[in-house]
Amino acid sequence: MGDGGNRSVRLEMDEVQRAAHTLGIEVTGFEIGRAEDISPAFEMLKGKTEALYLMSTPLLTTNRNRVNILALGARLPTMYGNRDAVELGGLMSYGPDISDLWRRSADYVDKILRGARPTDIPVEQPTKFNLAVNLTTTRMLGLEIPPTLLARADEVIE
């Protein structure tokens, strides 16, 4: 699920579709455009889906608490790209460490202030990723997370 008006969501949805196809998983993209679309979206998803991957967009980030409440009500496990939503009741997240990205952005500022031209500085990809799991949500959904996955998690929220 993601904000259909956001170009990066379209690109991410395409990547999710490709990865799902490779794994033999059926994925249906669901685009929303406004906060008012969130509740009706969950009504449409009830009984038709087994889990929900939510894109990291301003619309969903702003409404992550509401999304988590609706997802729990619909008994849908949620997967996010950042840990903030997991702290608020999402099931799990896997994505770049945002704090690390901000620290690394300071290197760019330093280089520019020392005279480097922004166009000469290479774009870097994230190098540190975090897996977070919310055990309270796991129990509420009646799920069992394999111990090997919990052992690999960077953060387990209880």
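Predicted model: local features only at pLDDT ≥ 70, side-chain atom pairs only at ≥ 80, totals over all residues.
Me: OK. What are the overall dimensions?

Reply: Along the principal axes, the C-alpha atoms fill a box of roughly 55 × 35 × 30 Å. The protein has 158 residues, and 33% of them count as buried. Buried is under 20% relative accessible area, exposed is over 50% and partly exposed is in between (1.4 Å probe, protein chains only).

Me: Pockets next. What volume does the largest pocket have?

Reply: About 920 Å³. A pocket is an open set of points on a 1 Å grid over the protein atoms alone, with protein on both sides within 12 Å along at least five of seven lines; a cavity is a set where a 1.4 Å probe fits but cannot get out, and lining residues have an atom within 4 Å of a point. Points are joined across faces, edges and corners, and a volume is the space filled by probe spheres set on them.

Me: Which residues lie nearest the centre of the largest pocket?

Reply: Glu26, Val27, Thr49, Ala51 and Tyr53, out of 31 lining residues. The elements that give two or more residues to this lining are helix H1 (7-23), helix H2 (38-45), E3 and E4. H1 gives the most, with 7 residues.

Me: And cavities, how many of 30 Å³ or more?

Reply: The search of the whole structure finds 1. About 50 Å³ of space lies in the largest cavity. Its lining is Met55, Ser56, Thr57, Leu60, Thr61, Arg64, Tyr80, Asn82 and Ala85.

Me: E3 and E4 came up. What is the strand order in their sheet?

Reply: The sheet is open, with 5 strands in the order E3-E4-E5-E6-E7 and mixed pairing. Strand E3 (52-53) and strand E7 (155-157) stand at the edges with a single partner strand each, so one side of each has no neighbour in the sheet. Two strands pair if DSSP finds at least two bridges between them.

Me: In which sense do E3 and E4 pair?

Reply: Parallel, over 2 bridges, with E4 covering residues 78-80. Leu52 has Thr78 in E4 as its bridge partner.

Me: Switching to aromatics. How many pairs turn up?

Reply: The whole structure has 1 aromatic pair. Tyr94 and Phe129 have ring centres 5.9 Å apart and planes at 20°, so the pair is stacked. Rings of Phe, Tyr and Trp (its six-membered ring) pair if their centres lie within 6.5 Å; planes under 30 degrees apart are stacked, over 60 edge-to-face and the rest tilted.

Me: Which strands hold Tyr94 and Phe129?

Reply: Tyr94 lies in E5 (residues 92-96) and Phe129 in E6 (residues 129-134), so the pair ties together parts 35 residues apart in sequence. Tyr94 is partly exposed at 47% relative accessibility, and Phe129 is partly exposed at 36%.

Me: Now H6. What caps its N-terminal end?

Reply: Asp97, with a side-chain oxygen 3.0 Å from the backbone nitrogen of Ser99. H6 (residues 98-113) has 16 residues and reaches 23 Å from first C-alpha to last, close to the expected 22 Å. The expected span is 1.5 Å times one less than the number of residues. Gly115 follows H6 and has a positive phi near 110°.

Me: Last one, Thr138 in H7. Is it buried or exposed?

Reply: Thr138 counts as buried, at 4% relative accessibility. Helix H7 covers residues 135-141. A polar atom of the Thr138 side chain lies 2.9 Å from the backbone oxygen of Asn134.

Conventions. Residues numbered from 1 in each chain as written. Heavy atoms only, no water. Helix = DSSP H or I, 4+ residues; strand = E, 2+ residues; numbered from the N terminus. Polar contact = N/O pair within 3.5 Å; in protein donor to acceptor, adjacent residues only side chain to side chain.
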